[in-house]
Number of protein chains: 2
Amino acid sequence: MPKVETFNRNNVLQNATEVFHRKGYNGTSMQDLVDATDLNRSSIYNSFGSKLGMFMEVLSHYQSIAKSNIGKETRQAQNASDTIQAIFEMYLRDIITDPNRKGCLIVNCKSEMTNQDPLIRSFMEQNQEQMLAVLEDLVHNGQMEKVFNEDQTATQYALYLYSAIQGFRMTGILNNNEDELKNLINTVLKVLH
Amino acid sequence: MPKVETFNRNNVLQNATEVFHRKGYNGTSMQDLVDATDLNRSSIYNSFGSKLGMFMEVLSHYQSIAKSNIGKETRQAQNASDTIQAIFEMYLRDIITDPNRKGCLIVNCKSEMTNQDPLIRSFMEQNQEQMLAVLEDLVHNGQMEKVFNEDQTATQYALYLYSAIQGFRMTGILNNNEDELKNLINTVLKVLH
DNA sequence: GATTAATTGAAATGATCGTTTCAAAATTAA
DNA sequence: TTAATTTTGAAACGATCATTTCAATTAATC
């Protein structure tokens with residue numbers, strides 16, 4: 001009976017992500033989204049409810065891709081140390097290959113909206129918890145394997161790494177010198193060994 | 001002959017800084033600025049030219065205060081290690097005492113505008129250069145004093161610290177647990193010793 | 001081919017955006 | 001007081017904001 005949703009929701013989300021990532025939430029207009037997604041204004045409101053609704057889906061979409069990338073690195077690497085190194089080098093690739101120097105969508109949004117919107121705040125809180133859980137698990141494994149020291153608890157090192165990742169993403173906005181960034185990664189990871 | 005500028009420019013800048021800091025550049029409207037500064041709309045345009053013009057002055061104002069704070073810490077501390085520790089603890093105080101959890105104005109602006117506005121980009125470039133110069137100098141001194149190792153050059157450690165500061169500011173937006181943040185600082189600084 | 005329901009296009013909503021205009025008020029010096 | 005000059009208030013600018021409306025179009029089921 002009904003006409004079915006014709007557009008590819010993943011494609012639309014990907015295009016919307018690109019605009020939000022490049023211009024930020026407040027810098028992106030509904031017209032920008034209409035242009036980027038090739039979707040009708042009405043269809044956007046039908047499918048996403050509002051600009052913020054669409055943005056929340058964009059954030060989740062971006063987060064799930066990031067998580068799946070981390071999962072891949074975890075499965076490929078031999079030990080916890082290699083895994084963490086690989087995660088940082090994934091970010092490094094992202095920095096070097098992005099011609100627009102956008103940084104990380106989630107980090108950018110954290111600084112733009114966390115203190116302004118409760119929906120965003122709780123997204124950021126659960127994102128932080130997930131990141132800390134993944135990192136803590138990795139550090140814990142590394143400590144079991146004796147490749148990481150136990151000067152600090154896994155929980156403490158996880159926060160250290162989480163903070164370092166955010167700093168790395170911020171640094172990459174202006175600096176995309178591969179050698180300098182690789183050296184930076186090594187310095188960050190040194191304290192764990 | 002003429003009527004002279006009546007308002008206190010520093011006060012106005014301080015009030016404008018508070019709004020821009022809390023809501024971000026794109027999230028701040030001219031009406032917000034009129035309300036916050038108690039200045040007339042016309043007077044703002046007379047004295048600052050445009051919204052972006054006012055924001056650039058706000059950035060410089062914020063930067064000069066930050067620089068003078070770093071200078072104070074440098075003069076009070078006994079050695080390079082204490083100085084860097086004091087700088088981080090200055091940021092820590094800022095994080096813990098800010099009820100709005102705004103983070104750092106410059107870091108926030110870097111993520112919001114660097115890839116969108118050439119004026120902002122060059123501000124950020126010179127800000128990064130200044131920070132790196134200060135940090136490199138401190139690390140160099142610490143290495144002369146033998147309180148820092150020479151595993152990396154002062155230049156390399158400076159980038160590491162610059163990145164760590166940005167990460168610290170981002171982390172402080174959600175996490176203001178003093179003990180956890182103090183421990184984070186110690187972990188960051190450990191690699192230098 | 002008729003029925004059904006979602007998608008679509010385009011226009012319109014009222015609000016707010018950054019900025020400009022300009023006459024009236026305010027303040028200083030002659 | 002008069003002349004000079006800036007600040008001020010208030011209104012208006014056209015543009016754009018996010019969102020709503022609705023009739024026309026489209027496609028899937030019967």
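Chain A and chain B bury about 3,700 Å² between them, 58% of it on carbon and sulfur atoms, where buried area is the accessible area (1.4 Å probe) that two parts lose on being put together, summed over both. Of the area that chain A buries against chain B, A:Ser111, A:Met170 and A:Leu174 supply 17%, more than any other three residues. This is a predicted model, in which local features need pLDDT of at least 70 and side-chain atom pairs count only at pLDDT 80 or more, while totals for chains, interfaces and linings use all residues. Residues are numbered from 1 along each chain as its sequence is written, chains are lettered from A in the order in which they are written, and side-chain values use heavy atoms, with hydrogens and water left out.

The contact (heavy atoms within 4.5 Å) draws 41 residues from chain A and 41 residues from chain B. Two salt bridges are counted between the chains, a salt bridge being a side-chain nitrogen of Lys or Arg within 4 Å of a carboxyl oxygen of Asp or Glu; one joins the side chains of A:Asp151 and B:Lys190 at 3.0 Å, N to O.

Leaving aside neighbours within four places in sequence, B:Phe88 touches residues including B:Leu161, B:Phe168 and B:Leu189.
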